[in-house]
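Biologist: I would like to learn how to read a protein model. Please take one feature at a time.

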Amino acid sequence: MKKFLEIIKNKWLIKGTTTILLVAIIIAVYILLNWGIKKINLEDIDCTEKKLYSLSDETKNRMKDIEKEITIQLLNMNELYKGITEYAQKYTKVNDKIKVEEIDDLSSRVDLMTKYSLQNTDSLIVIKSGDKEKTLTMNDLSTIDYTTYEQIDRTEEAITNAIIEVTLNKKPKIYIFSGSTYYNTQEALAQIVSKLKDESNEVEYLDMLSKGKVPEDCDCLVITTLSKDLTELEKDKISEYIQNGGKIMMLTSQNVLEIDTPNLDSILSQYGISIEYGAIFEQDESRMLQDAPEFVIVDAYASYMEKIDMALKLCLIDAGKINFKEQEELEKLGVEYEQIASTGEKSFVRTNFNINSAKRADSDSEEGSSIVGALVKKKISDDKTSKLIIFSNELFASNLQIPISSQYYQYAVDLRNNEDVILNSISHLTEREDTITIRKTGEIENYTVTEKENNIIKIIIFSIPAIIIIIGIVVWQIRRRKR
């Protein structure tokens, strides 16, 4: 050590030029290290408790198994969306088959502007694999928890599921019954159908009188409000589908129509269900939309939505009351159910729609909670079970325009978490276990570490500059003595 110090004293630090050279070398090493770290694209350290800025283990495990080439194309991600660009880069660290392509100047890519109907200032994410692709807008990257009114980040959920979807070999097949429906399903459910297709489902409208049956490739049959009863053929074929373990999603506002539907009722009775005539009115102002008692806000929960890290709320419009048979009869039918949504204790059912008052009248039912959504399982055999998810309302899933102010309206499906619940319900029926749900709140995370970790960080922060200062003083003193 002494010999080394003597060499330093006599040969390196005597001349000012060598000192400058040493400083230059240190600076060069610093610059080189920074360049190298950026080049190898090391992942940032996420100190937040909920790992808000990291990919979840579930996403990492899904991405590692992907063998197809994936391109995440980021169109016009300016400084405002810089965080999305950085987040997309995290996927490239998990699987080298995933690439990120950034296109900052859309004006130079007229082909993309035309293809996706974009303006110069629009931003878009396109996930591509071969000839398959899925687009994500900025609106797809967040949602609202209508209990806390917090914004929920869905960036990871949206990108991860988009990658999964474009690498699927087989898409679930969803048929929407289009026989004697009360509403034009192609118009009323346009947004839901569009979203289902975006999530890599095949959607087809089913005229059973033409097909003669429910197709064998049907993963989920959607039945909406009827303008008249099912035919005998339709009833028999739907019953046959149920006995084969079929999955049904029913969105019905049948409760407000004075139409006899014995054949539809017989389908519901197989699941131990009946729906009362009349519309549910709410008296609790916190459970209605804009003081409109027929716009009932209810909490939504089901076991298949337990992965969603937020409280979900539905806004139903003129919903009906779902009744179940007694437990003994349900057991004979092989039926068990769980509630998805129910109204408050102050709600009531109105059957006389000539009453203009929002207050409960003598002709209305007694106050009490009503089931408006349920998951029903019917055991057909030891290895076969039919499932029905039913909501006693169709309007909440539709493109019905709801006035919010004199100049602004929303589609009914966009109220509260209506769309989320519908899409998750159909996903459950089609057994889409490949999709994941990762939602992170936008809350501020405090810097919290253990005392040991804090001491290590302090040593790193303060010791390195201190060492550099000490070296500087030593060099100055040695040079001073040699003068």
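This is a predicted model: local features need pLDDT of at least 70, side-chain atom pairs count only at pLDDT 80 or more; totals for chains, interfaces and linings use all residues.

Biologist: How many helices and strands does the protein have?

Modeller: Helices (H or I, at least four residues) and strands (E, at least two) are DSSP runs, numbered from the N terminus. Here there are 14 helices and 23 strands.

Biologist: How is the packing of two helices described?

Modeller: Two packed helices are described by the angle between their axes and the distance between the axes. Axes are lines fitted to C-alpha atoms, for helices over the stretch in contact, and angles run from 0 to 180 degrees between N-to-C directions. Helix α8 (residues 190–198) packs against helix α13 (residues 418–429) at about 50 degrees, with the axes 11 Å apart.

Biologist: What is the word for the way α8 and α13 lie to each other?

Modeller: Angles under 35 degrees count as roughly parallel, over 145 as roughly antiparallel, 65 to 115 as roughly perpendicular and the rest as oblique. α8 and α13 are therefore oblique to each other.

Biologist: Which residues of α8 and α13 meet?

Modeller: Contact means heavy atoms within 4.5 Å. From α8 come Gln 191, Ile 192, Lys 195 and Leu 196, and from α13 come Glu 419, Ile 422, Leu 423 and Ile 426.

Biologist: What is a nonpolar core?

Modeller: In soluble globular proteins, nonpolar side chains tend to be buried together. A nonpolar core is a set of buried Ala, Val, Leu, Ile, Met, Phe, Trp, Tyr and Cys residues joined through side-chain atoms within 4.5 Å. Buried means under 20% relative accessible area, exposed over 50%, and partly exposed in between (1.4 Å probe, protein chains only). The largest nonpolar core has 40 residues, and Met 249, Leu 314 and Phe 391 have the most contacts inside it. α13 gives the most to this core, with five residues. Among the residues that Met 249 touches are Ile 422 and Ile 426.

Biologist: Where does Lys 68 lie?

Modeller: Lys 68 is in the loop between α3 (57–64) and β1 (70–75). Lys 68 counts as partly exposed because its relative accessibility is 33%. Leaving out residues up to four places away in sequence, Lys 68 touches Lys 97, Ser 129, Thr 167 and Asn 169.

Definitions and conventions
Residues are numbered from 1 along each chain as its sequence is written. Side-chain values use heavy atoms; hydrogens and water are left out.
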